[in-house]
Amino acid sequence: MAKILDKKLSSVQNKLLSLRQKLDFYQEELDYLDEKYQAKMDKVLSAFIKKADKKLEKYAFEACDKEAYAQAVIEEKLQKYDVKAYMKHREANHGAAKAIFAGGNVSEALAKNKEQIALINAKRKEYIDRLEAEKAEFLQKNSATSDKAYNELSKQLKAEFDAKENELKVKLDGKKAKEKASIEAKISKLQSKITELHGQLKSSDKLEDDVLLDIEGLKMYFGGLKAVDDLSFKVKKGEIFGLIGPNGAGKTTVFNCITQFYKPTAGKIRFAISENEVITLTDYKVHDIVLKGISRTFQNIEVVKEVTVLENLLIAATRYYNSNLFTQMFHLPALKREEQIMRAKADKILKYMDLYSYRDRLAWGLPYGVLKRIEIARALMCNPKLIILDEPAAGLNESETADLAALIHKIRTDMGCTILLVEHDMSLVMSICDHICAISFGKKLACGTPAEVQASKEVQEAYLGSGGE
Amino acid sequence: MNKLNRNYLNMPLYRAENERRSVENTLALLNKLRKNPVVGYVIFALILTVTQILSSAGLVNSSFVYAIGSTLIFCVVSLGFCLLLGYSALASLGTAGFIGIGAYCTYYCLAEWGLTIGVAFIMSIVIALIVGAIVGYISLRIEGIYLAIVTLGISQIIKEVLAALVDTIKIKGSQITLFGIDSLKLKTESIFYIIVGMMLLLMIITHNIMNSPTGRAMLAMKNSTSAAQAFGISLMKYRLLAFMISIIYAAIAGMLFMLYNRYVSNSSSTLFTLSTSLNILGAVIIGGMKSIWGTVAGTFIIYGIDKMFLQDIEFFRENPTLITLFCGILVVVVIMFYPGGLAQLLMEVKYKVEAFIRKKKEGKYGKDLG
Amino acid sequence: MPIASYLQILIGVIPSMCAGILATFAVTLIFKTSYTTNFAQGVISAIGAYVAVELTLVYGLPLWAVAFVGVIVAFIVGVAIDVLIFRNGRYVNALGKQIITMGLISIFIGLIPFVFKVAQFESVPVLPFIHLTQGITVGDVFIQYNTIISLVVTVVLLVAVFILLQKSKWGLSVRATASNEIVAGMMGINTKVITAVSWGIAGSFGAVAATLYIGNVTLSSGYIMTTTQINAFLAGILGGFATFYGPIFGAVIIYMLNVLIGCICIHVPVLSNWKPAIVYFIVMLLVLWKPHGLFGKKMVKKV
């Protein structure tokens, strides 16, 4: 009987989750709204400016200072000439160097070089003289300057521009407000639905206050091998929790059990999505876990090498697109809208993680540190409540590890995520974690604050040794 | 607004300057069009249409155009493989069977039951989907690599079952009508236009799917099943989707084949046998599994050259297995040394040419280091 | 009397079943040591048969003798494929290997007409070891001598190879390589040789299968072993590639299903066109029920 009831609870919970997903999407859309309308305005205004410039061109020539104009023309032409002359210079020098290294007569080579350079300079002087002559001729023919027509037209155009800008502003602001209102209406409708459904929830299962993830009696046996043996710990909301242990202790296995890559042999893994909602993670398939708000990184970098960095982030958001296959087959406007919003979000995250310069580069061939940051950026894309980091400091040197520590703190503060990490680097773990659980051969050795764990005899025996902090 | 301060120094010098500007603008527009690949597909379709028009007017050899049409039908099949092999890394040997389903459905709809092309189209797709869904679901539950085995089996079964139903299928020209209206009988030339239109549509659809969340999900699945699963991509769903798309394309090609050729004999033709599936696979791999133009080029290499030119040479007519041999050798060589196929080769050539041009511009000593 | 006809059908299936069992073992061996499905298995077997038939029909040598030649040629072809092709590819992964084997089919099919004169013949007769009209009659059932020979050869080979797998050092090396190639290499097993020899053995088993097969079916093209090969693969999935014996049982099941449906077809003749489809359908249902094979175990991948 209890099983059936659980299923019922699941369906309400699932509905809640999908509604929350939609809610998140609308929030993203709201955030993106300002950017969108700014872009629209810029597009129209810059088109106007282009046309205005074209109109002014007719009078610009008359209105300009002919002397300055001619001088500028000369400078530009000379610059272009100098690029070529520099090449010729280098060629001459290189020729001389080659001759000398080939064992030729040094003075002869130097003399030849001097000759060539003199020739180049002479030609340059000739060119300058020619340009000056052209300039004089030009000034003779065009001495009049009349900027009346220009100024008049300019003033007129400016007035037009201001008027257009204001008109556009009013129109677009109106549109924006309307769209904002509609999205906010949708949001409030969703929120009321959510509160309604939330009320329907009768959770028989409640975790202690502040506990986000509750692992109880976790066992993972591979045949005769006991990878994880009766492990229990709790992770509180908003804290940074570390899992440490020697190689082969079963740390990654624990993570795989939480994220359902393995189905645990026994034990309960409960996750609190919100106040009243607690779900048992083992009820879900591995590819549904991300929807519950849990995302992870991998020990061996699992970045998709065939696509760009931006697309890697978009892959993480695959489940958040609402367009169906038909919309995607024909790239209907609904998909374009969603792509815009998702790309804006991905850009935001890339800037946050300092990866924006890699945005359009293929992930193949990027340095290890960058790939690690991409893994973390990708995990942030899904608005996770819990981020699981699997050996994030592997392969990083001391300064990079310090940066990582700062980054983890920043993520915790800015995004309000809870972070669960597995690490070997003791300094990192001891410095940033609020609580630590130490395991060895799948069994728990100690659990508590860093100080407590360091002091524990079992832990010291197991591996800290003399190298500990 | 400072934006309106005319920078005198950027003014056009002489009229030549003005002309240069307008040329630049046109180039910019062309560049923008060039960046949109759909334009390429439309131009390709237009060229083909014009070829057929010229042929109807007697300026181009009609058997040549017929060969192009037949090759285009196989291009439709190959396109289905872009997403299956190139984006999801699944190999299927079942294409021939599903082409058969399309062909036979068209035969039954048009010749036996007197229905319209539309109904034939829908029925081919539906039956192919049903068979494909069952076969795909069962084999993909275990692992992706078993798909090839199971599709090999189903292709053989389909061929034998269809042969048992009717060995030779024929459609009379009078039975092919647009929307069932007798006065709109379709000749072979008109079918060519339908083929080109279908080809264009499918190219656009394939291109769109590749550049959509679905395409990216498939790539994620291909590169790292763990990452894909961790971020919500159900392996089964997307593999099945890629497989279904490939068989729908094959069924459509079967339908087009029947409309264009109107006759096929199950026992004597190689269309429904393993060799077709192998040739299509070869075409896709040689051309480049991930690229639409690559697969079209590969298909033209494997089927087009044979039909368009080699059939005229007696040596090749007498030794039809030469093409098979050639195809097999190319496949092995490409997989071993050049997995990206023709598309990768052309890209590398493009890079080399660009690098060469750049070097020329910068002169012997590279960029000015200031 | 239906029982006699049932038995006759059963006897009739034995030659192709023997070929199927040998082909299944070959496919399983390659799958477990090279982690790839060898789609060229059928064509390589056919090549073995072609060699034998060429030597018999064109040069008049006795079938017994040339059968061995065919087996040796197939062995060499198998080894050559592994050593020349698989070891030299730059980016070859599992999918790539599969596709290479598919390409090999095309290559061999393309080459056969040029290498073998027999391929140009209008028709090739069936070539049993003992003429098909000769056999013993037990009650109402006629058993051809050729069938008995097929059965004996198959059983002997199977028993021999399974004894070797279990008891000999070579067998241990093969099982170790099949389990984990890298670790086996670290234990001092020359995995390269093991893999190459496995390809050779697979080729030769295939050649034996084909030689038995052409006793009842004419050697019309390089594709004659296609049905047998498909059955071999399906047997592999049905039995599960986790063990060596699983697929063999799978093969027996598939052929027995053929017998069963065949017997039913005596009473319902209209079904006979659908026999292959029905068998395939039942096999698919069984695979649906047990995705990892009747004798298989699910393997958990480390993430």
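**From the interfaces to one tyrosine**

Mentor: Chain A and chain B bury about 4500 Å² between them, and carbon and sulfur atoms carry 64% of that area. Buried area here is the accessible area, found with a 1.4 Å probe, that two parts lose on being put together, summed over both. The size of an interface is often given in this way, as the accessible area lost when the parts come together.

Before going further, please note that this is a predicted model, in which local features need pLDDT of at least 70 and side-chain atom pairs count only at pLDDT 80 or more, whereas totals for chains, interfaces and linings use all residues. Residues are numbered from 1 along each chain as its sequence is written, chains are lettered from A and ligands numbered from 1 in the order in which they are written, and side-chain values use heavy atoms, with hydrogens and water left out.

The contact between these two chains takes 54 residues from chain A and 45 from chain B; contact means heavy atoms within 4.5 Å. Glu57(A), Tyr69(A) and Glu306(A) supply 13% of the area that chain A buries against chain B, more than any other three residues.

Chain B also meets chain C, with 44 residues of chain B in contact with 47 residues of chain C. About 4000 Å² is buried between chain B and chain C, and carbon and sulfur atoms give 80% of it. On the chain B side, Ile138(B), Ile149(B) and Met336(B) lose the most area to chain C, together 15% of what that side buries.

Let us now turn to chain C itself. Its secondary structure comes to eleven helices and two strands, where helices (H or I, at least four residues) and strands (E, at least two) are DSSP runs numbered from the N terminus. Along the sequence, the pattern reads α-α-α-α-β-β-α-α-α-α-α-α-α. The radius of gyration of chain C is 20 Å, close to the 19 Å that the globule rule gives for 303 residues, so chain C is as compact as a globular protein of that length. This radius is taken over C-alpha atoms, and the rule is 2.2 Å times the number of residues to the power 0.38. The C-alpha atoms of chain C fill a box of roughly 60 × 50 × 35 Å along the principal axes.

Buried residues make up 54% of the 303 residues in chain C; buried means under 20% relative accessible area, exposed over 50%, and partly exposed in between (1.4 Å probe, protein chains only). Among contacts in chain C between residues at least 6 apart in sequence, 73% join residues at least 24 apart.

With a relative accessibility of 33%, Tyr145(C) counts as partly exposed. Setting aside neighbours within four places in sequence, Tyr145(C) is in contact with Ile130(C), Gln134(C), Gly135(C) and Ile136(C). His131(C) is 14 residues from Tyr145(C) in sequence, and their C-alpha atoms are 8.0 Å apart in space.

To complete the setting, consider chain A once more. Chain A has 13 helices and ten strands. Its radius of gyration is 34 Å, well over the 23 Å that the globule rule gives for 469 residues, so chain A is more spread out than a compact globule. Of those 469 residues, 46% count as buried.
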